[in-house]
Amino acid sequence: MPIVNRIAEFHDDVTAWRRDIHAHPELQFDVHRTAALVADKLREFGVDEVVTGIGRTGVVGVIRGRKTGSGRAIGLRADMDALPIQEVLDHSYKSRNPGIMHACGHDGHTAMLLGAARYLAETRNFDGTAVVIFQPAEEGGGGGREMVEEGMMDRFAIDEVYGMHNAPGLPTGSFAIRSGSMMAAADMFVIDIEGIGGHAARPQRCIDTTLVGAHIMTALQSVVARNVDPIEAAVVSVTTFKAGDAFNVIPQTARLTGTARTLSAAVRDQLEERMKDVVEHTARAFGAKATLDYQRHYPVLSNHAAQTDFAASVARQVVGDRVDVNTPQVMGGEDFAFMLEARPGAFIYIGQGDGPYVHHPEYDFNDEIIPVGCSYWAKLVETALPAG
């Protein structure tokens, strides 16, 4: 079955919602306007239950099918937050909030799930419950973790959970997925170095933290190059180096920050342990002191095998053979991983077509794919919970 006819009929409505959300972007948990819009729309659609304030500003809608004898509930998740980026495209729905824009397509994700909720609330052609989840703070805030920790899965008796993200570079309206690890664990680290500051003309009386920091930066790359199995994947990136504020003073302290990304729990543990050793011992070799604060943020996003096969089969119902079931792993993070740790499920990409990649000031969600995404969500529920 291709695009659902009823969904195609209200394509313009969903596009309007998407563009309204795009024009009013909000960051992390401060998605108050977006969450209110979502809750209002769900009530307008006649959704059976609308719950706000889960994960601080998350919204959950419960849609019961014509039959509920199966006793099963399927969760569908979209993210609502934007990014601290200044938009440069001058379209009619350009961001009205300076320095904030929907540069990752979460406006499209939210609108597509709203469109699916409208269709499912109208038709209810399934046996069980559809739970639509609108999550805040995917972009670094861990909103998915907070919703899970607040007991969302148990509260709504969710059996399986599914997510979707647009993917620039994939053909418009196609799908891509893989079983197992698909996106990386995304961690952050802070390295604080203390030496002995002094006059830049007398370095022999100092312990230069800029020199120590430079050696630590270089040595950290040996962890990936010489400690991690070459068949595995890991990335260590130092992204800031802050030390001193005068041209003639060797600074007493320095701070390095960055990210570490891995695709397995074992490599994640190894990376943290070896980074700690490298930081402390490299500093000690120069007579300085250094500490590593390794902060675990998003775990590896790992799709469950049975649910991956199911998601791919649903995608084929919508777009035929335009479904890649062996999409490459990527080192970006995604906090839907917390939901996949709590319940079986799968995360799928929907092709955005050509254009700027996500997190770019010229990015814009492709409204052409809205009916495809809405139809995928609708068919996923109807196929998982057949009405008989």
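Biologist: Let's start with V51: buried or exposed, and how do you know?

Modeller: In this predicted model, V51 has 9% relative accessibility. The cut-off for buried is under 20%, so V51 counts as buried. The residue belongs to strand β1.

Biologist: And what does V51 touch, beyond its sequence neighbours?

Modeller: Leaving out residues up to four places away in sequence, V51 touches G58, V59, V60, R155 and F156. Contact here means heavy atoms within 4.5 Å. V62 lies 11 residues from V51 along the chain, and their C-alpha atoms are 8.5 Å apart.

Biologist: Which loop holds R56, and what is its phi?

Modeller: R56 sits in the loop between β1 (49-54) and β2 (58-64). Its phi is near 75°, a positive value in a residue that isn't glycine. That gets a mention because most residues other than glycine have a negative phi.

Biologist: What makes you say that the charged end of R56 sits over the ring of F29?

Modeller: The charged end of R56 is 3.7 Å from the centre of that ring. The distance limit is 6 Å, with a further condition of lying within 35 degrees of the ring normal. The R56 and F29 pair counts as a charge over a ring.

Biologist: Where else does a residue other than glycine have a positive phi?

Modeller: A137 has one, at about 55°. You'll find A137 in the loop between β4 (129-135) and α5 (143-149). With 0% relative accessibility against a limit of 20%, A137 counts as buried.

Biologist: Why are F347 and Y349 called an edge-to-face pair?

Modeller: The search of the whole structure turned up 7 aromatic pairs. For F347 and Y349, the ring centres are 6.2 Å apart and the planes stand at 80°. Pairing needs centres within 6.5 Å, and edge-to-face needs planes over 60 degrees apart, so the pair is edge-to-face. Both residues are buried too, F347 at 0% and Y349 at 9%.

Biologist: Which residues do ring pairs link into a cluster?

Modeller: F175, Y376 and W377. These three are also among the residues that touch the most other members of the largest nonpolar core, which has 67 residues. L42, F134, Y162 and L380 complete that group.

Biologist: What is F134 in contact with, leaving aside neighbours within four places in sequence?

Modeller: Its contacts include V38, L42, G58, V59, A78 and M147. There's a second, separate core as well, of 25 residues, with V228, A260, M275 and V278 among them.

Biologist: How do you know that V358 is buried, given that it sits in a loop?

Modeller: Its relative accessible area is 15%, and buried means under 20%, so V358 is buried. The loop runs between β16 (345-353) and α11 (370-384). Beyond neighbours within four places in sequence, the contacts of V358 are A103, C104, H165, N166, P168 and Y363.

Biologist: What volume does the largest pocket have, and which residues are closest to its centre?

Modeller: The volume is about 760 Å³. Of the 33 lining residues, E139, M183, G332, G333 and H359 are the closest to the centre. A residue makes the lining by having an atom within 4 Å of a pocket point.

Biologist: Which elements give two or more residues to that lining?

Modeller: β5 (160-168), β8 (185-194), β12 (253-262) and β13 (289-298). The largest share, 4 residues, comes from β5.

How values were computed
Residues numbered from 1 in each chain as written. Predicted model: local features only at pLDDT ≥ 70, side-chain atom pairs only at ≥ 80, totals over all residues. Heavy atoms only, no water. Phe/Tyr/Trp six-rings, centres within 6.5 Å; stacked < 30°, edge-to-face > 60°. Buried < 20%, exposed > 50% of the residue type's maximum accessible area, 1.4 Å probe, protein only. Core = buried A, V, L, I, M, F, W, Y, C linked by side-chain atoms within 4.5 Å. 1 Å grid on protein atoms, 1.4 Å probe; cavity = no way out; pocket = protein on both sides within 12 Å on 5 of 7 lines; lining within 4 Å. Points joined across faces, edges and corners; volume = space filled by probe spheres on them.
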